Structures are given as structure tokens and as C-alpha cells.
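Biologist: Could you put the model up and walk me through it? I would like the overall fold before the details.
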Amino acid sequence: MAFPGYGGAPGGFPGMQQQQQDPLYGYFSAVAGQDGQISADELQRCLTQSGISGSYQPFSMETCRLMINMLDRDMSCTMGFNEFKDLWQALTGWKTTFASYDHDRSGMVEGHELQQAIVSMGYNLSPQAMNCIMKRYSMNGSLPFDEFVSCCVRLRALTDQFRRRDTSHCGNATFQYDDFIQVTMSI
């Protein structure tokens, strides 16, 4: 979302005062440029400075790109403050889920814990789909928080794209080849 008038005349854009009072705005504005947008590398810095990853490793650049793509409504490859707030809410939920299934507090979720976490988030995946997820994201059968978030981002984004095309809400969608490539490559 572009912010018209951002950085311009005193008072900025409508609602700027409200956003500046939002506690998240400090993290966002510390890295956002004059355009009021943050890129993947700025998002990585912002999330690291905010401490959202807690004691886990900071987010990789790839995970930050995925997070932006998940919410990039205007296809700018950047994130405005409202998109950032949506991301923060999702990250907070994923962090809570991760922590609740990291039973041994190792900073990793095991395969069976991942499956339980995915089910708790409302996804009903086949054993074959879970196997694909484990092959893609696990390191020796476990996922660190960064990979867990990458997995959650992709699940959410792919599910959102699928739902847009499942017009009869029956669990079936039609994709043209080019559309399929665009969807899977953007996530």
C-alpha cells in the first residue's frame, strides 16, 4: 500500500497520527524509507530489532521475501505499515503455535509436533503432503522456527490462492498452467 503524501506537508497522510501511536509503528518506521515501505532486507532488520523471533535464530532473507510476498497486495515487493501489522499478527500466532509444540524447548519442532501444529492451525493435509513438507523444510527430521515460519507462510499463501480459485468451495480449483506457475513461484 502506498502512502500518498508521506513525507510531504505537515500532518502527512490521513491516519498517520493513529499509526504513529501504534506500538508497532516504531519498529516499522525505524527501517521504512520516505516511501513508507520496507523491503525484504529492511523487514529482516526490523524483525531482528523487534525481537519477535525471541531466542530463535533471526529470520533468513528468503523467509523475509516470502513474508512480503504473502501480503504484497500491490505487487511492489515491499510492505506498507498495514501489511506489516497483518504480518506481525500472523508471526505472533505462529510463534505461539511453535512454542506450544516445541515440547522439549529445543528450538525445533519434530515431525509429529509439526503435524500437530499444522492441524491446530486448521489445515487437514494428507500424510503424503506432510511428507513433502518435511522433505522441504526439515533438517534431520526437525524444523527450526525460521523454517516453521517459511512453511506457515507458504501454506497460508497457497491456501489463499487456492480458495480464490475454488469458487464453489468444494475443494477443487482450476488453474491454467501460467497461472499455476505464477502462484507457486510467487510464494
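Modeller: Helices (H or I, at least four residues) and strands (E, at least two) are DSSP runs, numbered from the N terminus. Read in that way, the chain follows the order α-α-α-α-α-β-α-α-β-α-α, with nine helices and two strands. This is a predicted model, in which local features need pLDDT of at least 70 and side-chain atom pairs count only at pLDDT 80 or more, while totals for chains, interfaces and linings use all residues. Residues are numbered from 1 along each chain as its sequence is written, and side-chain values use heavy atoms, with hydrogens and water left out.

Biologist: How much of the protein is buried?
Modeller: Of its 187 residues, 42% count as buried, where buried means under 20% relative accessible area, exposed over 50%, and partly exposed in between (1.4 Å probe, protein chains only).

Biologist: OK, helices next. At what angle do α3 and α4 cross?
Modeller: The axes of α3 (residues 40–50) and α4 (residues 61–71) cross at roughly 105° and come within 8 Å; axes here are lines fitted to C-alpha atoms, for helices over the stretch in contact, and angles run from 0 to 180 degrees between N-to-C directions. That makes α3 roughly perpendicular to α4, a label that covers 65 to 115 degrees.

Biologist: And which residues of α3 and α4 meet there?
Modeller: From α3 they are A40, D41, L43, Q44 and L47, which meet M61, C64, R65, M67 and I68 of α4, with contact taken as heavy atoms within 4.5 Å.

Biologist: Switching topic, which residues other than glycine have a positive phi?
Modeller: R105 has a positive phi of about 55°, and H169 has a phi near 55°. For context, most residues other than glycine have a negative phi.

Biologist: Where do R105 and H169 sit, and are they buried or exposed?
Modeller: R105 is in the loop between α5 (81–101) and β1 (108–110), and it counts as exposed because its relative accessibility is 58%. H169 is in the loop between α8 (145–165) and α9, and at 68% relative accessibility H169 also counts as exposed.

Biologist: Last one: which residues make the nonpolar surface patch?
Modeller: Y177, F180, I181 and M185 make a nonpolar patch of about 480 Å². Accessible areas come from the Shrake-Rupley method with a 1.4 Å probe, and for residues only the protein chains shown count as cover. I181 lies in helix α9 (residues 177–185), and I181 counts as partly exposed because its relative accessibility is 30%.

Notes
Patch = residues over 30% accessible without salt bridge, like charges linked within 9 Å, V, L, I, M, F, W, Y side chains within 5 Å. Salt bridge = Lys/Arg side-chain N within 4 Å of Asp/Glu carboxyl O. Parallel < 35°, antiparallel > 145°, perpendicular 65-115°, else oblique.
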